[in-house]
Amino acid sequence: LYQCGERELQGFVRSFRAMEKEYVRRKPCWSQALLSAFLIVLVSMYRRNPDVFPANRHSEGQMLIFRIQSYIENHLSSDLSLSAVSTRFYVDKFHLSHQFTRYTGYSFKQFITSARLSKAKDMLLHTDEEVRVIAQQVGYHSAAHFIRVFKGSEGISPLQYRLKQRR
């Protein structure tokens, strides 16, 4: 049985409500968005309590990548350059880059961008923080750069995303 704290439970409730909205609205690619959101919840649950899940035997390389992914998700506003993270985990940066792609299917940079945008989207939906504050909290030193990256990924600005999702 999976047990979680109140804070984690509230996060799951928010995620499932967002999934429900996605299902009800059925906008283009809704099923892919729903599946992605569900998988994020499952991965989050697994990372917090892997012993609850069967077949949790992983190689040392996979475990290192899981630890690095967790570190990235919990330190989005920190220096997450390949050099900084490889130094922190005592691994060669070229080896880390290769292993990261091997085990996740994403490049190191793609994962960081995805994690930052995911957190930003959550904050846009569930807080009233200004876009520039959210940008800083997820690791962008320039709000303009954050807006460009967000718009490149989502097709709309962060503020438009907030307004559209809150309708």
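Q: What makes Ser 153 count as partly exposed?
A: Its relative accessibility is 44%. Buried means under 20% relative accessible area, exposed means over 50%, and partly exposed is what lies in between (1.4 Å probe, protein chains only), so Ser 153 counts as partly exposed. A word on the background: this is a predicted model, where local features need pLDDT of at least 70 and side-chain atom pairs count only at pLDDT 80 or more, while totals for chains, interfaces and linings use all residues. Residues are numbered from 1 along each chain as its sequence is written, and side-chain values use heavy atoms, with hydrogens and water left out.

Q: Where is Ser 153 placed, and how far apart are the C-alpha atoms of Ser 153 and Arg 167?
A: Ser 153 sits in helix H8, residues 143-154. Helices here are DSSP runs (H or I, at least four residues), numbered from the N terminus, as are strands (E, at least two). Between the C-alpha atoms of Ser 153 and Arg 167 there is a separation of 21 Å, with the two residues 14 apart along the chain.

Q: Why is Gln 3 called exposed?
A: Its relative accessible area is 63%, so Gln 3 is exposed. You will find Gln 3 in the segment before helix H1 (6-25). Its C-alpha atom is 9.5 Å from that of Met 45, although 42 residues along the chain separate them.

Q: Why is H1 called roughly antiparallel to H2?
A: The axes of H1 and H2 cross at roughly 165° and come within 9 Å. That makes H1 roughly antiparallel to H2, because angles over 145 degrees count as roughly antiparallel, under 35 as roughly parallel, 65 to 115 as roughly perpendicular and the rest as oblique. The axes are lines fitted to C-alpha atoms, for helices over the stretch in contact, and angles run from 0 to 180 degrees between N-to-C directions.

Q: Which residues make the contact of H1 with H2, and how do they divide?
A: Among them are Phe 12, Phe 16 and Met 19 of H1, along with Trp 30, Leu 34 and Met 45 of H2. Contact means heavy atoms within 4.5 Å. The residues divide into eleven nonpolar, two polar and three charged. Ala, Val, Leu, Ile, Met, Phe, Trp, Tyr, Cys and Pro count as nonpolar, Asp, Glu, Lys and Arg as charged, and the others, Gly among them, as polar.

Q: What makes H3 and H6 oblique to each other?
A: Helix H3 (residues 60-74) and helix H6 (residues 108-126) pack at about 40°, with axes 10 Å apart. H3 and H6 are therefore oblique to each other. The contact is made by Ile 68, Gln 69, Ile 72 and Glu 73 of H3 and Phe 108, Phe 111, Ile 112 and Ala 115 of H6. These divide into six nonpolar, one polar and one charged.

Q: How exposed are Cys 4 and Cys 29, and how many disulfides does the structure hold?
A: Cys 4, at 34% relative accessibility, counts as partly exposed, and Cys 29, at 54%, counts as exposed. A disulfide is a pair of cysteine sulfur atoms within 2.5 Å, and the structure holds zero of them.
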